[in-house]
Amino acid sequence: MNFFRLWFYKNLSSINYLVIFLFFVYAIFISQYNYDGHHIGLIYSNSLDLINGKLPYKEIFIQYGILTTLINSLILVIFDNKIFFITLFNSVFYSFGVLFISKTVKQFTDVKLALFSTIIILFNHPIPWLPWSNYIAFFFISIGLFLLSKDKKNYFIIGFLFGASILSRQDFFFPIFISIIIFYLFLLFQNYKFELKKTILFFLGLLFPLSIFIMYLFSVNLFIYWIEYLSLPNIYLEIYKTSISKLILEYIIFFTSESFFSFIVIPQYFLISIILIFNTIILFMFVFKKIKINKEILFILLIGNFLSAVSLKIELFRLYTSVIFGLIGLLYFINRINNNDLRKKLLLLLLLPSLFSFYFYPMGNNNSFKKINFTSSNLTIDSDNFDYLVLPEQKIKIVNIINNLSKKCDVNYLENLTWDTIYSTIGNYDRIRAFPYAQFKELNYKQNDLIENMKNPNLSFINLINNEIKDSNIILLITGNNNHYKKDKINLGSNYNMIEIDENNTKGKPQILRIYFPNKCNI
């Protein structure tokens, strides 16, 4: 036993790498079976549009950050447009993010707590939910905080990484800048040594990628369109019939009470509650000069707490790519406790719920993962873009039908008026709309109008679709009542045929997809 313990402690760093790698493999295995046509399709569609030369914001609906779309476009260029590699690299970004958090913990504490941090993060959030901008921003911030923890610091690179995180997910801008401002105010009023050269280098690094982005927008006349996108958060508040103050209040109430009472069904929130509460108390004690905090830890505490602003819509994947940075500060202060018994009990307080979380929710409490059917269909997909993915049987049929159409239909456009964005990427077709999907509910009219009017300011997209129908120059995919928008209606004549197929193939719950194509297609 003593030999095993000695070997274990000597190889903690290697064990840390192994744990992260095993969870990476596990995430890839699960993800290849997870079909999320809307979210994965949106990322994939945006990346293809950028590759095909469409203009960001004006012609591509880039909701979060230009760098996310650019990175995913490069991945597709390298890997021959295969969707799987977007998912794979999303897991790469997440795994490296967790690794750099553990390395930062090691810098401030020791290798045992570094491994401990890896275990409790991955046991609570083992699989990246979506190939979303959060994970790429998480990756950049994780590296930035690690470089900040080192003795020799390159402040320009640290600033650059924070700038890259903002370009990956632009709503990180306000929490990051608020954290920086408050940090420097603390330096000013708490008599910390202010180092002008390092501060200038940091801000130069931070502003460098942001400046390149703004100059690019001006150079291709897209700045005004990007500015329009900044109104989207207010539109979303209207859609959800809420306000910032109400969201903040609900957020505070949830993480100071409800998250504890809901532990059995959503144990992953327990860790986030502990981080937010503990770090807030530490910051207040610092403000009232009850304790002293090293500058780097102070900045990490601020970042962890203020990044919760991008998680006001309480979703696990948002929390575990933002608030989780506060774990670094939490473990730092636990490690400084002199009472060994108390220190062990606090670590158990974090570890035991995490073990419970992974044991009962090994796929991270994601409802879409719970619905995965791990049985492969006997059908094969005609398109190479879906290599290495295992799709539900009905989705394979639909992809094959659209792909077959694309080989026989000499038209310029395919318009996807469904929620499944993947459909819009099949075949080498252009779109009339900026959105690669459709959700024509009255609550969404304002968002739809804002985005669509940028691309087509002179004529409604329904009228443009009808013009192409007259010329037999478009394929239409429609579900529900998406053939209507406000008072406009798509008019299909005798020059079009239709195929109907049930997307769900669930008895009693049909969701019919209608595929309209010109008679000339001869299928």
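**Exercises on a predicted model**

At 32% relative accessibility, Leu 201 counts as partly exposed, because this class lies between buried (under 20% relative accessible area) and exposed (over 50%), with a 1.4 Å probe and protein chains only. The model is predicted: local features need pLDDT of at least 70, side-chain atom pairs count only at pLDDT 80 or more, and totals for chains, interfaces and linings use all residues. Residues are numbered from 1 along each chain as its sequence is written, and side-chain values use heavy atoms, without hydrogens and water.

**Exercise 1.** State in which helix Leu 201 lies.

*Solution.* Helices are DSSP runs of H or I with at least four residues, strands are runs of E with at least two, and both are numbered from the N terminus. Leu 201 belongs to helix 10, residues 196-219.

**Exercise 2.** Determine whether the faces of strand 2 are covered or uncovered.

*Solution.* Step 1: strand 2 comprises residues 474-479, and six of its six residues are buried. Step 2: in a regular strand, side chains alternate between the two faces of the sheet. Step 3: one side carries Ile 474, Leu 476 and Ile 478, the other Ile 475, Leu 477 and Thr 479; all are buried, so both faces are covered.

**Exercise 3.** Identify how strand 2 is joined to strand 1 and to strand 6.

*Solution.* Step 1: two strands pair if DSSP finds at least two bridges between them. Step 2: five bridges join strand 1 (residues 413-417) to strand 2, in parallel; here Leu 417 has Ile 478 as bridge partner. Step 3: four bridges join strand 2 to strand 6 (residues 512-518), which run antiparallel; here Leu 477 has Ile 515 as bridge partner.
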